[in-house]
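The following note concerns the salt bridges of the structure shown below.

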Amino acid sequence: MNNPILKNKIYLYLTEFFAGMSVMAVELGASRLLAPYFSSSQIVWTIIIGTIMIAMALGNIMGGRWADKNPNPDKLYGRIIIAAIWIALIPVVGKYIVIGISALLVFTISTNFLVIAAFAACMIVFVFPLFLLGTVTPSLVKYTVDSLDDSGKVVGYLNASNTIGSIIGTFVPTFISIPAVGTSITFLIFAGILLLLAIVYFVSGKKRSVKAVVGVILFLISCIFGHGDSFAFWQHDLTYEGESIYNYLQVYEDDSKVVLSTNVLFGVQSVYRKEKTLTGMYYDYAMAAPYMAGIKKKDRPLKVLILGMGTGTYATQCRRYFGDISIEGVEIDQKITDLAHEYFELPEDIKVTTYDGRAYLEALNAQDKSSVGDVSEEQAESMGYDVIMVDAYQDITIPFQMSSVEFFTLVEEQLNKNGVMVVNMNIKSDGQNIAGMNDYLADTISEVFSEVYTIDVPNNTNRELFASNNPDMIKDFQENFAEEEDAGLHELMTKVTLGLIMHSSGGNILTDDKAPVELLSMQAIDALIRDEVDYYKEIYEEEGLQGLLDSF
């Protein structure tokens, strides 16, 4: 070790520290890079963690071998430069690789598309640089242990440095860099830290390194071309694109509507009609719930709670058509609420609480229990809700804690007598002989509510579910919407009446202890992908490549 900087073990501990920090930062960055395309479900996180562990394990093995075979620190810091360059290039080419892999696999596999595509993307984009960073620890052990007398202490300090760096690398991207500057610049920040660390090594030793020079040039190129935060790079007319702590967010609009999407590949989360008419989507069908709760017969304004407020499409629709009703919303992502006010004309008087939907219900129930005996029956009725809308399910990212018997019990406890819960269930799939995600949800809800009805939204992948313990729910629905004076809404509710199907439980129950929602949702997504791919395959077989291109 001719480089004088290596005589100071603090620098070696710093190397371990920044290596550990960068590994965790890249892992969290990987989740944000993949989420707009594959969701941020537990399945995707499992793939990310698994592939990174593979990379680190292989790096530890090879790092130890290389350290014994050629204990030259130049080799280690050269590998750190290569890792830094690779990480810096991820914002430049990563999203293109992800889309390319998806396009290739979607036409070649028929099952487990999300698992295979996400795994392939992780292996190609993230494994190599993290493999190189995995070689750091065994190499540093070689350089820092002077004798067996202090080997345990030195290795302990190295591991502590790595762990402390990993802790910081976990919190900084999530709470500081990604919300402030985005995923792309976060990759560049940590790549720059690694590159600087290696350059300090070579400069202090007065050594010339081609890798360092090339690394600086490529890093600068990456800063120029990789600083953008556009995941939907093929779209150039977006009104807004950005990131929050929880989501990738995209707002686009045309002459008739404004749309929010939190996922590039899996559709629309909220829509606002500029002409202030029905949306033509599931929000319209969900407006059957106020009629079921007796809106035309109440001598007081209806109380509505929306779990998963989004940009407030359902709230806006209810306020527009039902007038003076009390609406509250719960939305975990404050940034989405900000967008709701900025782009979607969410009324300022509608209260939106930034909180997890289930945690909010738990707090309400705790509050109610503390006031037992202090309120009259009439007061208790006014405290509860007539309608609770559950709209927190987003493609495959269904929160398991909001799909269980325990959760729906909390909902039921917050409903007034004859109150109604309406649930928007995504990714419905037809023609399956096995119970799917929506079957499990409906069966689970049937454990809590005696009346459960569903209706499929035409030309859509959504299914609406209505549940109540009021045996006259459907009768009340028909009597109430019969008094509706708006012709368009009356016509729609007539269609709902004809389309409602009473659910017969198959006994597939989800609980807090066992709720495999990601696997069930993945099955439905696979079925949808197969149907879509079959459509385009038919076009290709009949009209060739040009016909396929013309169909997009």
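1. Arg 463 is buried, its relative accessible area being 14%; buried means under 20% relative accessible area, exposed over 50%, and partly exposed in between (1.4 Å probe, protein chains only). Its partner in a salt bridge is Asp 456, at 2.5 Å from N to O. Asp 456 is partly exposed, with 33% relative accessibility.

2. The model is predicted: local features need pLDDT of at least 70, side-chain atom pairs count only at pLDDT 80 or more, and totals for chains, interfaces and linings use all residues. Residues are numbered from 1 along each chain as its sequence is written, and side-chain values use heavy atoms, with hydrogens and water left out.

3. Across the whole structure, the search finds 13 salt bridges, a salt bridge being a side-chain nitrogen of Lys or Arg within 4 Å of a carboxyl oxygen of Asp or Glu. Side chains of opposite charge can pair when their charged atoms come close.

4. Asp 349 and Arg 319 form a salt bridge at 3.0 Å, N to O. This pair links distant parts of the chain, 30 residues apart: Asp 349 lies in the loop between helix H13 (334-343) and strand E7 (351-353), and Arg 319 in helix H12 (residues 313-322). Helices (H or I, at least four residues) and strands (E, at least two) are DSSP runs, numbered from the N terminus. Asp 349 is exposed at 55% relative accessible area, whereas Arg 319 is partly exposed at 22%.

5. Between Asp 254 and Lys 257, the closest N and O atoms of the salt bridge are 2.6 Å apart. Asp 254 is partly exposed at 33%, and Lys 257 is partly exposed at 23%.

6. A network of salt bridges links Lys 298, Arg 300 and Asp 386.
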